[in-house]
Amino acid sequence: MDPGIPPLVTDLAAFAPVLLGSMNIRELPNCTAPPLSLNGICDVEKSPYERAAALIEELTVEEKYNNTMFYLSAVDALNLPPFNLWNEGLHGLGSSLGINFSDHGDYSFATSFPMPILTAAAFDDELVYSIAEVIGTELRAYGNAGRAGLDVWAPNVNPFRDPRWGRGPETPGEDVLRISQYAAAFVSGLQGPPEAPIKRAIATCKHAAGYDLEDTPDNTTRFSFDAKISIQDLADYYLRPFETCTRDAGAGSLMCAYNSVNGVPQCADGWMQQDLIRDYWKWNKTTNYITSDCFALDVIQAAAGHNWTTNGEETLTKALRAGTDTDCGFLYRQFFPSALKQDPSLESNLDLALTRIYASLVSVGFFDPPESHPYRQIKFDAVNTPQTQTLARKAATSGITLLKNLNETLPLHIPSEPELSVALVGDWANATLQLVGGYAGPAPYYISPLQALSNETGVKLSSVLTLDQNEVLEAAKANDVIIYVGGIDQNVEAEQNDRRTLAWNETQADLINSIANLNKTFILVQTGGGQLDDSAWLDNDGVSAILWAGYPGQEGGNAIADVLFGRVAPAGRLPATQYPASYVSIPQTVMALRPDPETGNPGQTYQWYTGKPVLPFGYGLHYTSFNVSAKPFESFDIPDVVKECRDSGYEYLDQCPLGTIDVVVENTGKVKSDYVALAFASGDYGPAPHPNKNLIGYQRLHDIEPGQSQTAQVQVKLAQLARFDNDGNRILYPGAYRVAIDTDPEKASFEFSLTGDQAILETWPKYDRPAPV
């Protein structure tokens, strides 16, 4: 079997016609004509639940189970058209069964933004909101033409714990606060204001939970992996972004993951789906639904998967009753007839699941008259506008991160005469499709580094588009400046493809070393989402500057040129630690975050890693200098704080703000620049071991002019200062807290105290199975 296909227990060939049909252009429902208009689904005076229930009531049992997969089949008796739930939109509309791109002309492309790992490096939640708003708008343009559904299987909020994970570039990085804030902004931007009667689209946070592995050298795959995770780490790390997505941001749907956690496949995990998410976090609107990852129900049963059930009927029963409402696969549809014969009570579970699905479609106005809300008026002229092109370029420049700048090599200055001669080399020198990375659809255009630099006035450009050392060195010797653009791409890191090394490959390393030995102005633009070990280049004076550019999207070449030539000053910060290449000695399957000398685990993520990183989380240089000061907190009494939060009406104490750190940032250099104020906390409060530090807040300031100051107001919630105990309870502990602004080096710091008795802010529901401690 193709290693990219999950081990199946369903008959894929039998459903091939359904798959082919799911990709067609689809009609929209017509609630003005019978028979559909006679059904309560069209009654705008009823609630989404009532409208959906009215539809489900009229379906036959066969029509019901034919709508249990991602492709909701047509119901001819009601003149109900089909609908597709599988729509990708991670950083722009992506190729998927639900989105129909034409071969040319209108509806043949959509705006392609940077992959999330680069956007996250901007630490700018307003930027994330704006990107998601565009994705939702362009989805509507396609949806109104019958070319897309109205839900998006994004964002990916699994923490980027291990730097080898092939899907790390899809995520906002390794820090759960950054991921959570990104998720909240994305969900809000995509869906629209939470109080609005009609959503723009439905966001799907994925993949719950403990998913950060594709394949390992010992052939452990995501389809068979049983992640052993302590309750403490589940609460503190792996599930925290999903709490934000559901409880706080109100995402319309969730996707459950392929893997198991502590012996239970995640798409059959009733404790996670029902006890925690729906009951405890109160994500229980009738419009909220859970979908499986594609064929994740098959791997529950398959011998090459989890081998957790013995037949399709048992698998269906356990997944459906756990809370998985719809199957991105065929198991529900294939096994429902026989499962219902064995247990007729399953029909009530099926009715609830389908009601949630159709109520979610009501929430986006799918059954409402076109004139009833503005989203139905969006057409293709809203796709790839000048404003979205500008936003795509801004997103890329905002995330690009300066890692080295020897003797202020950058920005490059173009002399009045003669022209500045530049040699452009590297494996990404003429990159086009590589720019957009994974989960992308066709972009309207791709600006390569070669195209962008060719348009620079005052630059005489020569390029070598191979890695032939003789050709590259000949060009390098003949020019004033050498720019190498390259690193890794989706051939190295992607879904189904984890990295085996964090090092540059031998061909790249030899070439970079040879260029560096020329002792000329040499700029390395590192590409790809996962970090590479730059130790050799950081220590080598022959490498003048290093930029990390990730997957910068359709405007990638222009964005790189903007930063190189100083039209935009870089202010990105690494959203993931850059580890030494030796880090790969830690097995990927070790999920424990805290260091453990007995097992040799040095700790994972910047919070717990006891080794020396090459570059730390949050690292990023600038073209200017800053003087930073922070107004310190006073000390707080924990019982008083908790009482004040309760008196202020906070349902969830962890969301109550302790206060706001005023961070005054003065530009003491000569270049206008943004600045990201990162606030970290550390101390010996709470249970040992104690983290090195953790991010407690951030804010990006924009366009600080030389000699001018701006003030960041970094809000700190109780959630960011609390720690978790072994039972998953979130507790605010007394002790001395140290707050530092920025990292390596710190730019300001202060200490404050929390006094009085500790306070439990959140008590998790009792876990239903053994877990490591």
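Predicted model: local features only at pLDDT ≥ 70, side-chain atom pairs only at ≥ 80, totals over all residues.
Colleague: OK, Asp-269. Buried or exposed?

Modeller: Asp-269 counts as buried because its relative accessibility is 2%. Buried means under 20% relative accessible area, exposed means over 50%, and partly exposed is in between, using a 1.4 Å probe and protein chains only.

Colleague: And where does Asp-269 lie?

Modeller: In the loop between β8 (264-265) and α9 (270-280). Helices (H or I, at least four residues) and strands (E, at least two) are DSSP runs, numbered from the N terminus.

Colleague: What does the side chain of Asp-269 reach?

Modeller: The backbone nitrogen of Met-272, at 3.1 Å. There's also a polar contact of 3.0 Å between the side chains of Asp-269 and Gln-266. A polar contact is a pair of N or O atoms within 3.5 Å; within protein, one must be able to donate a hydrogen and the other to accept it, and residues adjacent in sequence count only if both atoms are side-chain atoms.

Colleague: Which residues does Asp-269 touch, not counting those up to four places away in sequence?

Modeller: Val-264, Ala-322 and Arg-769. Contact here means heavy atoms within 4.5 Å.

Colleague: Arg-769, then. Which residue does its side chain meet in a salt bridge?

Modeller: Asp-768, at 2.8 Å from N to O. A salt bridge is a side-chain nitrogen of Lys or Arg within 4 Å of a carboxyl oxygen of Asp or Glu. Arg-769 is buried at 11% relative accessibility, whereas Asp-768 is partly exposed at 47%.

Colleague: How many salt bridges does the count come to?

Modeller: 38 by that rule. One of them pairs Glu-762 with Arg-730, their closest N and O atoms being 2.9 Å apart. Glu-762 sits in strand β26 (residues 759-762) and Arg-730 in strand β23 (residues 730-732), so this pair ties together parts that are 32 residues apart in sequence. Glu-762 is buried at 5% relative accessibility, and Arg-730 is buried at 2%.

Colleague: Switching topic: which residues have the most contacts inside the largest nonpolar core?

Modeller: Phe-70, Leu-239, Ile-483 and Leu-564, in a core of 168 residues. A nonpolar core is a set of buried Ala, Val, Leu, Ile, Met, Phe, Trp, Tyr and Cys residues joined through side-chain atoms within 4.5 Å. Leaving aside neighbours within four places in sequence, Leu-564 is in contact with residues including Leu-410, Leu-453, Ile-483 and Tyr-623. A second, separate core has 40 residues, including Phe-626 and Tyr-737.

Colleague: Now helices. At what angle do α11 and α12 pack?

Modeller: About 95°, with the axes of α11 (residues 312-322) and α12 (residues 331-342) 8 Å apart. Axes are lines fitted to C-alpha atoms, for helices over the stretch in contact, and angles run from 0 to 180 degrees between N-to-C directions. The two helices are therefore roughly perpendicular, a label for 65 to 115 degrees; under 35 counts as roughly parallel, over 145 as roughly antiparallel and the rest as oblique.

Colleague: How many residues of α11 are buried?

Modeller: Eight of its 11, so α11 is mostly covered. Among them are Gly-312, Leu-316 and Ala-322. The cover includes α9, α10 (296-301), α12 and α13 (346-363).

Colleague: What caps the N-terminal end of α11?

Modeller: Asn-311, with a side-chain oxygen 3.2 Å from the backbone nitrogen of Glu-313. Just after α11, Gly-323 takes a positive phi of about 130°.

Colleague: Last one, Thr-388. Which helix does it lie in?

Modeller: Helix α14 (residues 386-399). Thr-388 is buried, with a relative accessible area of 6%. Its C-alpha atom is 7.1 Å from that of Val-134, 254 residues apart along the chain. The side chain of Thr-388 also reaches the backbone nitrogen of Thr-385 at 2.9 Å.

Technical notes:
Residues numbered from 1 in each chain as written. Heavy atoms only, no water.
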